[in-house]
Amino acid sequence: MTTVFVTGGAGFIGSALVRLLIANSDWRIINIDKLTYAGNLESLAAVADHPRHVFSRSDICDRAALDRLFAEHRPDGVIHLAAESHVDRSIHGPGEFIATNISGTFTLLEAARGYWLGLDDSAKAAFRFQHVSTDEVYGSLGATGLFTETTPYSPNSPYSASKAASDHLVRAWMHTYGLPVLVTNCSNNYGPCQFPEKLIPLMINNALAAKPLPIYGRGDNVRDWLYVDDHAEALRLVFERGVPGETYNIGGGAERTNLQVVDSLCRLLDLQRPRSDGRSYSELKRFVADRPGHDQRYAIDAGKIARELGWVPRESFESGLARTVAWYLANGDWIAHVESGEYQHWLEKNYAERGVA
Ligand code: NAD
Ligand code: TYD
């Protein structure tokens, strides 16, 4: 049986990947997550007791813990998602981003390399270290053009700079040491279980609480949106069929301005949860001070992964957004627990019950 480490598997994308792999593969998943504010075991409720899912509350900066996990579980590969992931937080406090995204990736690479060196030749050749990264490493686009795998790196925020640094480390570990690595750079994700600090869940959450919907600047910045399950499928495909040393860009082909996104959300909420006074949620929109250094536009050319691995997203932006709004409306508890901090208490209770260290 294939055994794979998934780091950051209690986060938004990691939990979607773990749910997908438990449902649609026979892999054994060792889920390694420190459970920062962004890690939420409630997102893993569907797989928590599954015999092929093992959760370890561990920090990727902790070399001794990683060495123990490699020795105990002897994985066939690593899919590395653990990171600090929010641009605004990186502007207010970049330190954690340097520690986890750069030093943590370095520590994980070294632990993986130490383990990999002890494998026999065929296991060595089959091993994969897959690094999950962002299109933000490429910087900002003007009105035209798309990011390809050969676009020069030009990160602008502490977050994207830390991810760019980690991408370079991963690439260097193959070039220098021969560790078989893969890198994926993906556009903005949305979907269930996303922490309500990112644009889409924040707007849904605020709208439902009748709070202002804060649109940075003029709302004309463009992001290329991808439904999270499509990203998870792409990650599985790259792990199974990607060529070591290669980078694969992953994107939804769904460019929208932030204002378009917020307007679409308001329309969906008006339909799915009309306000009692009959007025539109769009009345809550407010234009606020812009984010410092705000990248204008991201857009991905996903032609390589389509041609070489046959990946295309299943959800359109319209279908994915409708599903996302429906999920948040149906899962008031998930968001209420995050809002109140209750999910952290749930975690403690859950550790005690499960004996998670
Ligand atoms: P997230 O913030 O929702 O989850 C990150 C997870 O990593 C959390 O569960 C957290 O507890 C864990 N973590 C943080 N520091 C850790 C540490 N030191 N040790 C172990 N675990 C730690 O993030 P996400 O949105 O799911 O993003 C996952 C990955 O995908 C990140 O590497 C991010 O850069 C990348 N990515 C995200 C997007 C997006 O739109 N969200 C797009 C492209 C790429
Ligand atoms: P975000 O979800 O933080 O992702 P990223 O910065 O990684 O692209 O933000 C998406 C876009 O939405 C970005 O252009 C900033 C903007 N934005 C707002 O206008 N208001 C908000 O409250 C947030 C969180 C983001």
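Biologist: Let's start at ligand 1: how far is one of its nitrogen atoms from a polar backbone atom of Lys 34?

Modeller: First, a word on the ground rules: this is a predicted model, with local features needing pLDDT of at least 70 and side-chain atom pairs counting only at pLDDT 80 or more, while totals for chains, interfaces and linings use all residues. Side-chain values use heavy atoms, leaving out hydrogens and water, residues are numbered from 1 along each chain as its sequence is written, and chains are lettered from A and ligands numbered from 1 in the order in which they are written. A polar contact is a pair of N or O atoms within 3.5 Å (within protein, one must be able to donate a hydrogen and the other to accept it, and residues adjacent in sequence count only if both atoms are side-chain atoms). The distance you ask about, from Lys 34 to the nitrogen atom of ligand 1, is 3.0 Å.

Biologist: And which residue puts a polar side-chain atom 2.6 Å from an oxygen atom of ligand 1?

Modeller: On the backbone side, a polar atom of Ile 60 is 3.0 Å from a nitrogen atom of ligand 1. The side-chain contact to an oxygen atom of ligand 1, at 2.6 Å, is made by Tyr 159.

Biologist: Which element gives the largest share of the shell around ligand 1?

Modeller: Helices (H or I, at least four residues) and strands (E, at least two) are DSSP runs, numbered from the N terminus. Two or more residues of the shell come from each of α1 (12–24), β5 and α6. The largest share, 3 residues, comes from β5.

Biologist: How many residues around ligand 1 are charged?

Modeller: A residue is near a molecule or strand if one of its heavy atoms lies within 4 Å of it, and 29 residues surround ligand 1. For the classes, Ala, Val, Leu, Ile, Met, Phe, Trp, Tyr, Cys and Pro count as nonpolar, Asp, Glu, Lys and Arg as charged, and the others, Gly among them, as polar. The shell holds 12 nonpolar and 12 polar residues, and the charged ones number 5.

Biologist: Over at ligand 2, which residue has a side-chain N or O atom 2.5 Å from one of the ligand's oxygen atoms?

Modeller: Around ligand 2 there are 19 residues, with Arg 223 and Pro 214 among the nearest. A polar side-chain atom of His 86 lies 3.4 Å from an oxygen atom of ligand 2, and a backbone N or O atom of Tyr 216 lies 2.9 Å from one. The 2.5 Å distance belongs to Glu 136.

Biologist: How many residues of the shell around ligand 2 are charged?

Modeller: The shell around ligand 2 divides into 8 nonpolar and 5 polar residues, and the charged group has 6.
One of the residues that come nearest to ligand 2 is Arg 291, but in the charged class as a whole the count is 6.

Biologist: Is Arg 291 buried or exposed?

Modeller: Arg 291 sits in the loop between β13 (285–288) and α10 (303–309), and a polar contact of 2.7 Å joins its side chain to that of Asp 88. Buried means under 20% relative accessible area, exposed over 50%, and partly exposed in between (1.4 Å probe, protein chains only). With a relative accessible area of 17%, Arg 291 is buried.

Biologist: How many aromatic pairs are there?

Modeller: Rings of Phe, Tyr and Trp (its six-membered ring) pair if their centres lie within 6.5 Å; planes under 30 degrees apart count as stacked, over 60 as edge-to-face and the rest as tilted. Applied to this model, that rule gives a count of 17.

Biologist: Why is the pair of Tyr 138 and Tyr 153 given the class it has?

Modeller: The ring centres of Tyr 138 and Tyr 153 are 5.5 Å apart and the planes lie at 85 degrees, so the class is edge-to-face.
Both residues lie in the loop between β5 (128–134) and α6 (158–177), so the pair ties together parts 15 residues apart in sequence. Tyr 138 is buried at 4%, whereas Tyr 153 is partly exposed at 28%. With planes at 85 degrees, the class is edge-to-face.

Biologist: Which ring does the charged end of Arg 113 sit over?

Modeller: A charge sits over a ring if NZ of Lys or CZ of Arg is within 6 Å of the ring centre and within 35 degrees of the ring normal. Lys 124 lies over the face of Trp 116, at 5.5 Å from the ring centre. For Arg 113, at 3.7 Å from the centre, the ring is that of Tyr 177.
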